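Please consult the sequence and the structure shown here alongside the text.

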Amino acid sequence: MIKVGVIFGGESVEHEVSIISAVQAMNKMDSEKYEIVPIYITKDGEWYTGDFLKEIETYQDMHLLKKYAKNVILYRKGGSFVLQNKGFFKSVVKEIDIAFPIVHGTNVEDGVLQGYLKTIGIPFVGSDVCAAAIGQDKIFQKQVWGSEGLPIPEYTWFFDSEYEEDSDAVIKKIEKAIKYPVIVKPATLGSSVGINIAHKKEELVKAIEDAIGYDNKILVEEVINNLTEVNISVVGNYDTQDTSVIEEVLSSSELLTYEDKYIGGSKKSGPSKGMASASRKIPAEIGTKLTNEVKEVAVKAFKALNLSGDVRIDFLIDSKKNKVYINEVNTIPGSLAFYLWEPIGKDYTELLDELINIAVKDYKKRINKTHSFETNILSGFTGGLKGAKGCKGVKGVKSLK
């Protein structure tokens, strides 16, 4: 039985959304094929494991969670990947064969976690470090897609330090590049956090100051007129790609909000089901021509960023001009976008199985590439450092003997 370590949580404004997505997935994995090992990262960066972490009720009392879950670290021990207890007795709690990150937002989805997993050498589900980093940064995405000739809205961007140094110059730059209304976004956040629409200068200033509270890079782009917002999921790697059904997400306001996405726009909706809570129309009623165009552009966008696993790509459509624009990609989408695959006959359990299989194939391809050489060019090096004598005078180094 394959031991799958499902990693979730982390220091992110999307922490709770990650918990929902992970619990959904863990309860849909094939328990006859996989041993599911929950690995929860708290907001202060501590890692915990325990079977009761598969239940959503666990997270209602963090004191009890930390009391009964095992505080662990993940590292490579010989040829195995182990979760070791951080307590006085540093015993191995669990071994895992593959990691399955179900994380959202900065510090976890943006390549940071993927970099650690790659450093210790464990196979993991989803995009590699570079693709994850670009996929988290809305500005990087546009720069890559624009260089590939893919359709993107007009935009500009700036650093928070530029605005703090000369806010008038930044405002003038924006107003010269784009006509009102504009949409202001923190570059690396998701779930519509910190995003606002501005129809005039006063609203623009307020939106910028809000966004700067979340990020040091700020994106400002045109608002697409006659807007229809649609999403599509792509599953695969650089070699093969499959596309899901297309959805039209319905918003209760001018901007698709965090509440629209995760609470269904109503406090009476009951416990959140992640992105499955959002109001949507499946399939989107956009006609055959636009449906084919969205699918074609989605695959090109997926390959341009060298993505892997399961992503959701969000599009903006000017319904009068029938013009399609790429909005952004979510490299680990809320609820893993399972609801976009079920209408075409792929249930959540089957989707999760496919994602693990893709990860195994990617790992096998990666380890067959050359990453280091057997030779040691330092073995005959003298170059002024003669043994431990070269460390004399180096602060903090007393002796190598």
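A residue is called buried when its relative accessible area is under 20%, exposed when it is over 50%, and partly exposed in between, with a 1.4 Å probe and protein chains only. The structure is a predicted model, in which local features need pLDDT of at least 70 and side-chain atom pairs count only at pLDDT 80 or more, whereas totals for chains, interfaces and linings use all residues. Residues are numbered from 1 along each chain as its sequence is written, and side-chain values use heavy atoms, with hydrogens and water left out.

**A buried glutamine**

Gln-141 has a relative accessible area of 1% and is therefore buried. This residue belongs to helix 5 (residues 138-147); helices (H or I, at least four residues) and strands (E, at least two) are DSSP runs, numbered from the N terminus. Contact denotes heavy atoms within 4.5 Å. When neighbours within four places in sequence are set aside, Gln-141 is in contact with Ile-134, Gly-135, Gln-136, Leu-305, Asn-327, Glu-328 and Val-329.

**Salt bridges**

A salt bridge is counted where a side-chain nitrogen of Lys or Arg lies within 4 Å of a carboxyl oxygen of Asp or Glu. Under this rule the model contains 17 salt bridges.

| Glu-35 | Lys-94 | 2.8 Å |

Glu-35 and Lys-94 form a salt bridge with their closest N and O atoms 2.8 Å apart. This pair links distant parts of the chain, since Glu-35 is in strand 2 (residues 34-41) and Lys-94 in strand 6 (residues 92-96), 59 residues apart. Glu-35 is partly exposed because its relative accessibility is 25%, and Lys-94 is partly exposed because its value is 30%.

Asp-128 lies in the loop between helix 3 (112-120) and helix 4 (129-136), and Lys-118 lies in helix 3, so the pair ties together parts that are ten residues apart in sequence. With a relative accessible area of 25%, Asp-128 is partly exposed; Lys-118, at 36%, is likewise partly exposed.
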